[in-house]
Amino acid sequence: MYDVIVVGARAAGSPTAMLLARRGHRVLVVDRAEFPSDVISTHLIHVPAVAILRRWGLLDRVLASAPPPHEFFRMDFGAFAIEAPPPPVDGEHHPYCVRRTILDTILLGAAVEAGAEVRQRFTVDGLVVEDGTVVGVHGRDRDGVAVTERARLVIGADGLRSAVAREVGAATYHETPSLTATYYAYYRGVSGRGAEIYNLGDRAVVVFPTNDDLACVFVAC
């Protein structure tokens, strides 16, 4: 019996598990992925989030992966451009673009260090419901063995197509149809000291310097 089961171990789930475990709660966090694991994301950490990582004691680990600091944002509209540094937050000045293979692994490791139990390659098939209250999860471990775990609280941090949200029939709100498509890849030799955004009318091209001397370049249209 756990105090909390967190479904999803990425940028939402692992910090949630870490913070709860640091407060002394017995936490189980599960994810269907095996880490390090990539995920669709342009992975820019804005300055407020950098300040939060510092407060959690994790920023040095993230910076050890050598993501270049974004010293400025440049918005290029063709006829003119605007360039300025982002405003500082709690003494932090620079955003960083960090590959999710790196960031998510660091966050998950911090949850483990805090005392959370982690099960990777764990697939949640459903929720345990008693008297209208969610009290656990049904799932399968990495070997396909059926497992049921119980907790006082189950947190769904499993992303856009959340199995937890689907199981409880969570209603959507502030919902609008998708109007944008985005494509991205990684390139060398195309980035400088900051983030660059080129507005081309019905599309935009964005360049974020990231780990391994690469730039995350994406087109939104």
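Is Glu 92 buried or exposed? Glu 92 is buried, at a relative accessible area of 13%; here buried means under 20% relative accessible area, exposed means over 50%, and partly exposed is what falls in between (1.4 Å probe, protein chains only). Some notes on the rest follow.

1. Ground rules. This is a predicted model, in which local features need pLDDT of at least 70 and side-chain atom pairs count only at pLDDT 80 or more, while totals for chains, interfaces and linings use all residues. Residues are numbered from 1 along each chain as its sequence is written, and side-chain values use heavy atoms, with hydrogens and water left out.

2. Overall build. The chain has five helices and 14 strands; helices (H or I, at least four residues) and strands (E, at least two) are DSSP runs, numbered from the N terminus. The C-alpha trace spans about 65 × 40 × 30 Å along its principal axes. Of the 221 residues in the chain, 40% are buried. Taking contact as heavy atoms within 4.5 Å, residues 24 or more positions apart supply 65% of the contacts that have a separation of 6 or more.

3. Surface and charge. The chain's accessible surface is about 12300 Å², and carbon and sulfur atoms hold 54% of that area. Accessible areas come from the Shrake-Rupley method with a 1.4 Å probe, and for residues only the protein chains shown count as cover. There are 22 positive and 26 negative charges, and their mean positions are 1 Å apart. Lys and Arg count as positive and Asp and Glu as negative, with His and the chain ends not counted; each charge is placed at NZ of Lys, CZ of Arg, CG of Asp or CD of Glu.

4. A nonpolar patch. If you look at the surface, Phe 77, Phe 80 and Ile 82 form a nonpolar patch with about 290 Å² of accessible area together. Patches are built from residues with over 30% relative accessible area and no salt bridge, joining like charges within 9 Å and nonpolar side chains (Val, Leu, Ile, Met, Phe, Trp, Tyr) within 5 Å. Ile 82 sits in strand S5 (residues 81-84) and is partly exposed, at 48% relative accessible area.

5. Back to Glu 92. A salt bridge is a side-chain nitrogen of Lys or Arg within 4 Å of a carboxyl oxygen of Asp or Glu, and by this rule the count is 16. In one of them, Glu 92 pairs with Arg 54, with the closest N and O atoms 3.0 Å apart. This pair links distant parts of the chain, since Glu 92 is in the loop between S5 and strand S6 (96-97) and Arg 54 is in helix H2 (residues 47-56), 38 residues apart. While Glu 92 is buried, Arg 54 is partly exposed at 41% relative accessibility.

6. Glu 113 and Arg 61 meet through their side chains in a salt bridge of 2.8 Å, N to O. Glu 113 belongs to helix H4 (residues 100-114) and Arg 61 to helix H3 (residues 59-63), so the pair ties together parts 52 residues apart in sequence. Glu 113 is exposed at 58% relative accessibility, whereas Arg 61 is partly exposed at 33%. Arg 119 and Glu 117 also form a salt bridge, with closest N and O atoms 3.0 Å apart, and Glu 117 is partly exposed at 30%. Arg 10, Arg 100 and Asp 104 are linked in a network of salt bridges.

7. Gly 8 and helix H1. Gly 8 lies in the loop between strand S1 (2-7) and helix H1 (13-22), and is buried at 6% relative accessible area. Beyond residues up to four places away in sequence, Gly 8 touches residues including Gly 13, Val 30 and Asp 158. Its C-alpha is 11 Å from that of Asp 104, 96 residues away along the chain. Within H1, the buried residues include Ser 14, Ala 17 and Met 18, and their cover includes S1, strand S2 (27-31), H2 and H4. Just after H1, Gly 24 has a positive phi of about 95 degrees.

8. Glu 149 is in strand S10 (residues 146-156) and is buried at 16% relative accessibility. Apart from neighbours within four places in sequence, its contacts include Tyr 2, Leu 28, Arg 119 and Val 135. Glu 149 and Leu 127 are 22 residues apart in sequence, with their C-alpha atoms 9.5 Å apart.
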